[in-house]
Amino acid sequence: MKKVTGLGGIFFKCDDPKKINEWYAQNLGLKTSPYGTNFEWRDAEHPDQKGLTIWSAFPKDTQYFKPSEKEFMINYRVDNLVELVAQLKESGVQVVDEIAEYDYGKFVHLLDPEGNIIELWEPIEEKEVENNEV
């Protein structure tokens with residue numbers, strides 16, 4: 001079975017994302033943008049490859065976490081999203097949308113048994129990321 005390869009991001013709801021970004025920048029030194037911040041790292045088994053873990057504050061009324069009513073969403077990195085989604089559906093996991101493809105990778109959302117929304121992300125190859133400057 002295909003598995004998660006790492007943490008892709010932490011997303012959470014708040015009353016004022018701009019204010020939260022400024023607070024984290026001022027007090028904890030995060031280099032934030034309107035989208036949050038990216039933590040770059042190197043893969044231990046492939047040190048020539050960079051990866052990103054994203055931290056992002058969303059407005060309290062965001063619809064992006066739907067159908068979950070929770071205040072957070074975790075994004076997990078995966079190797080082969082198409083194959084993993086097929087396996088998850090066979091296991092009866094609730095996949096809430098279709099796989100979406102963007103310049104920076106493929107995404108899909110599912111719910112765990114307690115209604116927590118989970119985002120799965122298959123990043124594009126690092127060489128492609130550098131050329132597109134994600």
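Which pattern does the protein chain follow when read along the sequence? The order is β-α-β-β-β-α-β-β-β-β-α, and the secondary structure comes to 3 helices and 8 strands. The radius of gyration is 16 Å, close to the 14 Å that the globule rule gives for 134 residues, so the protein chain is as compact as a globular protein of that length. The model is predicted, and the mean pLDDT of the protein chain is 90.

**Confidence**

- Of the residues in the protein chain, 93% reach a pLDDT of 70 or more.
- Residues 127-134 stay under 50 in pLDDT. For this segment the model has 7 contacts beyond four places in sequence.
- Where pLDDT is low, the predicted coordinates should not be read in detail.

**Overall dimensions, burial and surface**

- Taken along the principal axes, the box filled by the C-alpha atoms of the protein chain is roughly 45 × 40 × 25 Å.
- Buried residues account for 35% of the 134 residues in the protein chain.
- The accessible surface of the protein chain is about 8,800 Å². Carbon and sulfur atoms contribute 50% of that surface.
- Among contacts between residues at least 6 apart in sequence, 57% join residues at least 24 apart.

**Strand pairing around β1**

- Strand β1 covers residues 4-14 and runs antiparallel to strand β4, which covers residues 72-78. The two strands are joined by 7 bridges.
- Within this pairing, G6 has R77 in β4 as its bridge partner.
- Strand β1 also pairs with strand β3 (residues 50-59), here in the parallel sense and over 6 bridges.
- F12 stands opposite A57 in β3.
- In a regular strand the side chains alternate between the two faces of the sheet.

- N21 is placed in helix α1, which spans residues 17-28.
- The relative accessible area of N21 is 5%, under the 20% limit, and N21 is therefore buried.
- Leaving aside residues up to four places away in sequence, N21 touches T32, S33, P34, G36, W55 and A57. The A57 in this list is the residue that F12 stands opposite.
- G92 lies in the loop between α2 (81-90) and β5 (94-95).
- The relative accessible area of G92 is 61%, which is over 50%, so G92 counts as exposed.

**Salt bridges**

- The structure holds 4 salt bridges, and three of them are described below, namely K18 with E22, E40 with K50 and E71 with K60.
- K18 and E22 form a salt bridge in which the closest N and O atoms are 2.8 Å apart. The two residues are 4 residues apart in helix α1, so about one helical turn separates them.
- K18 is exposed, because its relative accessible area of 59% is over 50%. E22 counts as partly exposed at 43% relative accessibility.
- E40 and K50 form a salt bridge with the closest N and O atoms 4.0 Å apart.
- E40 is exposed, with a relative accessible area of 57%. K50 has a relative accessibility of 28%, which lies between 20% and 50%, so K50 counts as partly exposed.
- The side chains of E71 and K60 meet in a salt bridge at 3.0 Å, N to O. E71 and K60 are 11 residues apart, and each lies in the loop between β3 and β4.
- E71 is partly exposed, with a relative accessible area of 36%. K60 is partly exposed as well, with a relative accessible area of 42%.

Notes. Residues numbered from 1 in each chain as written. Predicted model: local features only at pLDDT ≥ 70, side-chain atom pairs only at ≥ 80, totals over all residues. Heavy atoms only, no water. Pairing = 2+ DSSP bridges. Buried < 20%, exposed > 50% of the residue type's maximum accessible area, 1.4 Å probe, protein only. Contact = heavy atoms within 4.5 Å. pLDDT = per-residue confidence, 0-100. Rg over C-alpha atoms; globule rule 2.2 N^0.38 Å. Areas by Shrake-Rupley, 256 points an atom, 1.4 Å probe, with all protein chains shown as cover.
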